[in-house]
Amino acid sequence: WRGERAVARTLEYQDGVDVQRREPFRAYDSVAQSFADYVRLIRESPRYAEARGAGEDPARYAAALQAAGYATDPAYADKIRAILASESMAEAWAALGEPPPGSST
């Protein structure tokens, strides 16, 4: 990465122990640029092949990201699943007039 960086406090997990650190993160000129870089990372990195194969199942996608080492938090996929199952997320899907991914409706 040759662009700007922003340093922020983060909570990482090492050998099951949570450790607070200050880490550099990529800084983008726009939200669109950050999403494009995320898509590039997931699309081009062989380590995320299983996540790419998760289809429209966001819980499976999160589990595959965790298994590939995307996040150090051992509860990463569980936290994503909790967000997906939240009332706020159901309301967001309803506002879009769409059923949530993976729903049977």
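A pocket here is an open set of grid points with protein on both sides within 12 Å along at least five of seven lines, and its lining residues are those with an atom within 4 Å of a point. With that in mind, and remembering that this is a predicted model, begin the tour at the largest pocket, whose volume is about 640 Å³.

Select Pro24, Phe25, Arg26, Leu41 and Tyr70, which, among the 24 residues that line the largest pocket, lie nearest its centre. Then colour strand S1 (5–14), strand S2 (17–26) and helix H1 (31–44), the elements that each give two or more residues to this lining; H1 gives the most, with six residues. If you colour the lining of the largest pocket by class, you will find twelve nonpolar, four polar and eight charged residues.

Finish at the two ends of H3. At its start, select aspartate 57 and alanine 59, where a side-chain oxygen of the aspartate reaches to within 3.2 Å of the backbone nitrogen of the alanine. Just after H3, centre on glycine 69, which takes a positive phi of about 90 degrees.

Terms used:
Residues are numbered from 1 along each chain as its sequence is written. This is a predicted model: local features need pLDDT of at least 70, side-chain atom pairs count only at pLDDT 80 or more; totals for chains, interfaces and linings use all residues. Side-chain values use heavy atoms; hydrogens and water are left out. On a 1 Å grid over the protein atoms alone, a cavity is a set of points where a 1.4 Å probe fits but cannot get out, and a pocket is an open set with protein on both sides within 12 Å along at least five of seven lines; lining residues have an atom within 4 Å of a point. Grid points are joined across faces, edges and corners, and a volume is the space filled by probe spheres set on the points. Helices (H or I, at least four residues) and strands (E, at least two) are DSSP runs, numbered from the N terminus. Ala, Val, Leu, Ile, Met, Phe, Trp, Tyr, Cys and Pro count as nonpolar, Asp, Glu, Lys and Arg as charged, and the others, Gly among them, as polar. A polar contact is a pair of N or O atoms within 3.5 Å; within protein, one must be able to donate a hydrogen and the other to accept it, and residues adjacent in sequence count only if both atoms are side-chain atoms.
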